[in-house]
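Biologist: Could we go through this structure together? I would like to begin with the aromatic rings.

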Amino acid sequence: MTDTPQHPAPTTGAGAPPPSDVPAASRAAARVLDAVEGAVVGKRTALELVLAGVLAGGHVLLEDLPGLGKTLAARSFAQALGLPFTRAQFTPDLLPADLTGAEVFDQRTGEFVFRPGPVFTGLLLADEINRTPPKTQSALLEAMQERQVSVEGTTRPLPRPFHVLATANPVEHEGTYPLPEAQLDRFLLRLSFGYPTPEEEWDVVSRRLVRRREEQSVPQVLDGEGLLAVQAAVETVHVADAVGRYAVELVGRTREHAHALVGASPRGTLALITCARALAVIRGRDYVVPEDVKALAHPALDHRVTVKPELWLQNATGAGVVSAVLEQVPVPAAEQPSAAGTGGTVGPAGERAGSDG
């Protein structure tokens with residue numbers, strides 16, 4: 001049910017920026033995206049969001065129709081980031097021990113030894129996660145949140161870095177088990193790729209004809225230490241009070257909306273801010289602007305909003321609630337920090353509007 005872990009060949013000086021060097025981290029992120037785009041065609045914006053979730057230290061749920069590149073994107077990110085990669089195919093008969101590992105009796109020594117499961121990796125592709133029952137889905141909860149697993153009373157830490165890219169096919173309702181809200185909340189972002197344009201689809205076909213084989217691979221850009229260095233640089237990104245309060249108000253309004261049974265929790269606010277910092281690095285800035293928050297509002301909040309059951313027939317969704325609050329909450333200007341300690345005001349799209357004397 002799982003692929004054998006793939007450990008990429010080590011590279012010397014695999015592009016790891018110093019821990020606080022945001023420009024170097026931005027260049028590394030751009031190289032990662034360029035590498036992944038060599039395999040996944042025409043999805044730069046969606047790939048930016050996936051990378052933002054990884055650089056923010058979290059996990060990403062890719063919910064989309066079959067055949068749109070979800071598995072390919074996960075494998076390509078693992079190759080470009082230089083992480084050990086495993087793939088677990090979720091099926092109705094998958095057991096929790098199939099993910100976490102189990103104690104196995106060794107007849108040669110007469111003792112039980114632990115055989116690690118596929119979660120002991122750098123990047124885990126949880127393929128079709130909604131095809132397995134809740135008991136097995138919940139086996140990922142501790143791993144995703146605590147970066148550890150407990151088997152037979154023993155707690156074992158997972159490698160660092162550790163990330164989960166999970167896929168779900170929304171059309172296969174028969175034989176599927178929707179993810180409970182508690183596990184959905186563990187994913188920093190939920191997003192989809194959507195169908196390609198005719199030009200992009202022909203690009204996919206033409207690349208396959210030129211390649212003359214089905215398999216694809218992308219070059220390694222970073223390694224585990226390099227990824228941790230980029231994540232450390234993300235932690236230095238400046239968030240102005242106005243931008244932070246804008247995110248807080250967006251999340252707060254989801255709890256007050258007339259269609260919402262349950263709004264986004266403070267974990268949603270944290271996801272919005274941490275991913276916005278990562279997106280700022282990807283876009284070459286060491287500060288967050290409101291446009292970063294707006295770009296992440298749907299991926300970070302839609303799956304954290306539950307609408308009232310009586311509104312299901314009216315096609316009310318979490319996405320509709322988030323769209324409504326985005327229109328209601330005024331977009332602030334943000335202060336751009338400078339090396340000299342003075343800042344200017346930047347508008348919603350990040351343009352410099354003026355500076356303090």
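Modeller: The discussion below turns to aromatic pairs, then to charges over rings, and finally to one aspartate. Please note that this is a predicted model.

Biologist: How many aromatic pairs does a search of the whole structure find?

Modeller: The search finds two aromatic pairs. In one of them, the ring centres of phenylalanine 105 and phenylalanine 112 are 5.3 Å apart.

Biologist: Why is that pair called edge-to-face?

Modeller: The planes of the two rings stand at 65 degrees, so the pair is edge-to-face; the cut-off for that class is over 60 degrees.

Biologist: Is phenylalanine 112 buried or exposed?

Modeller: Phenylalanine 112 counts as exposed because its relative accessibility is 58%.

Biologist: What sits over the ring of phenylalanine 114?

Modeller: The charged end of arginine 156 does, 3.9 Å from the ring centre. Likewise, arginine 285 places its charged end over the ring of tyrosine 287, 5.7 Å from the centre.

Biologist: Changing topic, where is aspartate 127?

Modeller: Aspartate 127 lies in strand S5, which covers residues 123–127. With a relative accessible area of 7%, aspartate 127 is buried.

Biologist: Which side chain does it join through a polar contact?

Modeller: That of arginine 87, in a polar contact of 2.9 Å. Leaving aside residues up to four places away in sequence, aspartate 127 touches several residues, including Thr71, Phe90 and Thr167.

Definitions and conventions:
Residues numbered from 1 in each chain as written. Predicted model: local features only at pLDDT ≥ 70, side-chain atom pairs only at ≥ 80, totals over all residues. Heavy atoms only, no water. Phe/Tyr/Trp six-rings, centres within 6.5 Å; stacked < 30°, edge-to-face > 60°. Buried < 20%, exposed > 50% of the residue type's maximum accessible area, 1.4 Å probe, protein only. Lys NZ or Arg CZ within 6 Å of the ring centre and 35° of its normal. Helix = DSSP H or I, 4+ residues; strand = E, 2+ residues; numbered from the N terminus. Polar contact = N/O pair within 3.5 Å; in protein donor to acceptor, adjacent residues only side chain to side chain. Contact = heavy atoms within 4.5 Å.
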